[in-house]
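The exercises below ask you to read features from a structure step by step. Try each task before you turn to its solution.

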Amino acid sequence: MSNERIVQEEKAKLDFSRDMSYGDYLHLDEILSAQHPLSPAHDEMLFIVQHQTSELWMKLMLHELTAATACVTRDEMPNAFKMLARVTRIMEQLVGAWTVLATMTPPEYTAMRPYLANSSGFQSAQYRCIEFALGNKNAAMLKPHAHRPELHARVEAAWRTPSLYDEALRLMARHGLPVPQDRLERDWTQPYEFSEAVQDAWLTVYRHPQQYWDLYQLGEKLTDIEDAFRLWRFRHVTTVERVIGFKRGTGGTGGVSYLRKMLDVVLFPEIWRLRTEL
């Protein structure tokens, strides 16, 4: 049977002169016309598409993280679990994307690098909001957005808002676990620091999973997220080293040296350290 006959038998709609089409719904004309290479280099298209699609995935990640955190504050854990699992799957997509960019060789990147000027992924507002939502707060990271007041306000709001982990600790306290008061009400703009008392509270959860099943599940969902986030950072640093070696980044950082330091950042320290005590 011919393809034309199959389409006819299935009665597929073919006339969209008066109806919304797939491309209309997704605004594909705007999306697919948003790639504007500045150099004559063939590989710049890869570089642009890689980063634009990553930003789209990050938009979805922020959408899920924000909603999941709100669910935790309302004790709506089944919904929170579904959203947090999706965050981990999104990060896996971002990890896999580095393998495509890694096909760019050093000479190919060198051909287009001067056209980037000082632009860098270091300046991604969405990435910064993700880090803030996960608790890695740093006031200095607001400065790259000072020239755009609306964007700066959005990043600052994420900086001032309790992180997912902050809300997780508040949830533990509502379930009767002895979380110190200084972890329940603190300056949310400061990065979270390890607490022995919080580790003890998590140990209670992990030693009695049936009694604290939702908290136990939450601990594992947070572990999944940080596990995936570490892989994302690791693939980033290895891809950068593969493509540019130890040259300084276009955004002014040390490049690989800066990214390696970021590998040491731990978002949910008690959840990782308690493994040694179990």
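**Exercise 1.** Find which residues form a nonpolar patch on the surface, and describe the place of L26.

Solution. M20, Y22, Y25 and L26 form the patch, with about 510 Å² of accessible area together. Next, L26 is located in helix α2, residues 22-26. Finally, L26 has a relative accessible area of 33% and is therefore partly exposed, a class lying between buried (under 20%) and exposed (over 50%), with a 1.4 Å probe and protein chains only.

The model is predicted, so local features need pLDDT of at least 70 and side-chain atom pairs count only at pLDDT 80 or more, whereas totals for chains, interfaces and linings use all residues. Residues are numbered from 1 along each chain as its sequence is written, and side-chain values use heavy atoms, with hydrogens and water left out.

**Exercise 2.** Work out why helix α9 is largely enclosed by the rest of the structure.

Solution. Eight of the 11 residues of α9 (residues 164-174) are buried, and therefore the helix is largely enclosed. Among them are L164, Y165 and L171.

**Exercise 3.** Explain what the salt bridge between E185 and R170 ties together.

Solution. The two side chains meet at 3.3 Å, N to O, where a salt bridge requires a Lys or Arg side-chain nitrogen within 4 Å of an Asp or Glu carboxyl oxygen. Because E185 lies in the loop between α10 (181-184) and α11 (196-207) and R170 in helix α9, the pair ties together parts that are 15 residues apart in sequence. R170 itself is partly exposed, at a relative accessible area of 22%.

Technical notes. Patches are made of residues with over 30% relative accessible area and no salt bridge: like charges are joined within 9 Å, nonpolar side chains (Val, Leu, Ile, Met, Phe, Trp, Tyr) within 5 Å. Accessible areas come from the Shrake-Rupley method with a 1.4 Å probe; for residues, only the protein chains shown count as cover. Helices (H or I, at least four residues) and strands (E, at least two) are DSSP runs, numbered from the N terminus.
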